[in-house]
Amino acid sequence: MDHANPTPSDIFFSPAVKAVQAARGSRESYARMAARGAFRTEINDDLMERLAAADSFYLATASADGQPYIQHRGGPPGFIRVLDDRRIAFADYRGNKQYISTGNLSENHRAQMFVMDYASQRRVKIWGQAITTQDPAIMSQLMPDGYRAQPEQAIIFTVDVWDLNCPQHIPIKLPISDVAPLIADLRAQVAALEAELAAARR
């Protein structure tokens, strides 16, 4: 990090990363982006809308000695809650009881949220600090209405910086809830055409 003139991008562009960028020709471009404030530190309306629509994301943590771990988290759209312009929270449901993310966060609060939007081929990367809490009032407040899952704790994520980046190499995937009605309509049309054809043949 450039301690003389730090920017939000210094959180994820370490000196080693910058050295590789310089060697491969992209450092100047990213330096210009950082200088004009392209990497955001507060939750704006765009990020809020994307989080509200998300039904899953990946949570990255690491142990105190740097052993990384990525865990999928999912729920109905809206299960990721924005608390204010710097904080995100969600109920953490009971799973396989390995508690790797929880253990990591107990000794290293650095974390990242990686939110994929396959339908629009966009990805949101959020760096920050995360803590866990088993406060029943907080867990109850974060539980989606009618969702059948057992909350075991809540995770509160404070945003340091976030970035919305390019759609390259992201496959288009649509939720089955969006596709199923279209398939049902097509099947109904096929059935009607087959019935008409059968009647014509008779």
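**View 1. Burial of Asn108 in the predicted model.** In this predicted model, Asn108 has a relative accessible area of 18% and is therefore classed as buried, the limit being under 20%. The residue belongs to the loop that joins α4 (100-107) to β5 (110-117).

**View 2. Surroundings of Asn108.** When neighbours within four places in sequence are set aside, the residues in contact with Asn108 are Ala62, Ser63 and Ala64.

**View 3. The open sheet.** Seven strands, arranged in the order β2-β1-β5-β6-β7-β4-β3, make up an open sheet with antiparallel pairing. At its edges are β2 (68-74) and β3 (81-82), each of which pairs on one side only. Strands of a sheet pair through backbone hydrogen bonds.

**View 4. Pairing of β5 with β6.** Eight bridges connect β5 to strand β6 (residues 122-133), and the two strands pair in the antiparallel sense. Asp117 has Arg122, a residue of β6, as its bridge partner.

**View 5. Helices α3 and α4 against the strands.** Helix α3 (residues 45-53) lies across β3, β4 (87-93), β5, β6 and β7 (151-165). The direction of α3 is at about 80° to β6. Helix α4 also packs on the sheet, where it touches β1 (56-62), β2, β4, β5, β6 and β7. The directions of α4 and β1 make an angle of about 50°.

Notes:
Residues are numbered from 1 along each chain as its sequence is written. This is a predicted model: local features need pLDDT of at least 70, side-chain atom pairs count only at pLDDT 80 or more; totals for chains, interfaces and linings use all residues. Side-chain values use heavy atoms; hydrogens and water are left out. Helices (H or I, at least four residues) and strands (E, at least two) are DSSP runs, numbered from the N terminus. Buried means under 20% relative accessible area, exposed over 50%, partly exposed in between (1.4 Å probe, protein chains only). Contact means heavy atoms within 4.5 Å. Two strands pair if DSSP finds at least two bridges between them. Axes are lines fitted to C-alpha atoms, for helices over the stretch in contact, and angles run from 0 to 180 degrees between N-to-C directions.
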